[in-house]
Amino acid sequence: MDAFQLARDTIIVPAKVDEVEPMNKKLLFAILIATTGLSACSTRLNPFNWFGRSEEVAASTTETKEVNPLIPAKREGGLFSRPEAAYAGTPVSQIKELAVERVPGGAIIRAVGLANVQGAYDVALQARNDGVPQKGVLTFDFLAVQNPRSPQGGPEATRLLTGAIQMTDQQLEGVRTIQVVGESNARQTRRR
């Protein structure tokens with residue numbers, strides 16, 4: 001033995017190797033079956049069912065902030081910088097789908113809306129109240145730039161738009177319901 005070695009090097013081998021392996025295989029098989037069965041269920045234990053299915057609700061009116069004309073608007077930028085162009089998006093006609101998909105560190109909120117006109121672009125989900133939930137409800141407006149000179153109506157497939165936004169776990173803290181609002185309706189989904 002060396003000077004710093006406390007005991008002889010030994011390898012501990014179980015007496016019955018054949019009994020240990022089948023037990024591990026059975027345990028692994030049981031865990032695999034439980035996980036697969038749980039993912040098919042719509043229970044709270046399923047990690048893919050973080051928020052439930054969406055449901056249609058009545059559209060609420062948009063809240064407008066009161067602006068004091070005596071306080072000048074905040075200006076940013078230097079002497080030669082151009083002001084940032086204002087977003088020209090307007091609410092889409094109808095919200096067709098809403099899904100909250102869990103991702104590491106948060107969730108992706110995805111909505112499908114129906115535009116009034118063909119050729120709408122620059123889709124955005126804009127959070128109301130600066131993204132702060134009101135009574136556990138986080139509300140988004142589904143907006144898109146819609147040219148008023150574009151043809152009205154047309155096939156529904158040519159007017160469908162998809163918008164998404166990623167939220168972190170910190171931003172979703174205290175959120176029980178996520179709601180996306182269009183012009184004529186809204187869809188919401190509740191946390192399970």
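I take helices (H or I, at least four residues) and strands (E, at least two) as DSSP runs, numbered from the N terminus. The model is predicted, so I note that local features need pLDDT of at least 70 and side-chain atom pairs count only at pLDDT 80 or more, while totals for chains, interfaces and linings use all residues. Residues are numbered from 1 along each chain as its sequence is written, and side-chain values use heavy atoms, with hydrogens and water left out.

**Entry: Gln-179.** I located Gln-179 in strand β8. Gln-179 is buried, at a relative accessible area of 11% (buried is under 20%, exposed over 50%, partly exposed in between; 1.4 Å probe, protein chains only). Leaving aside neighbours within four places in sequence, I found Gln-179 in contact (heavy atoms within 4.5 Å) with residues including Val-57, Phe-140 and Arg-187.

**Entry: nonpolar core.** I looked up the largest nonpolar core, which has 20 residues; such a core is a set of buried Ala, Val, Leu, Ile, Met, Phe, Trp, Tyr and Cys residues joined through side-chain atoms within 4.5 Å. Among the members that touch the most others are Ile-109, Phe-142 and Leu-161. Strands β3, β4, β6, β7 and β8 each supply at least two residues, and β6 gives the largest share, 4 residues. Not counting residues up to four places away in sequence, Leu-161 touches Val-92, Ala-120 and Phe-142, among others.

**Entry: sheet.** I traced an open sheet of 3 strands in the order β3-β4-β7, with antiparallel pairing (two strands pair if DSSP finds at least two bridges between them). The edge strands are β3 and β7. β4 and β7 pair over 9 bridges, and Gly-106 stands opposite Thr-168 in β7.
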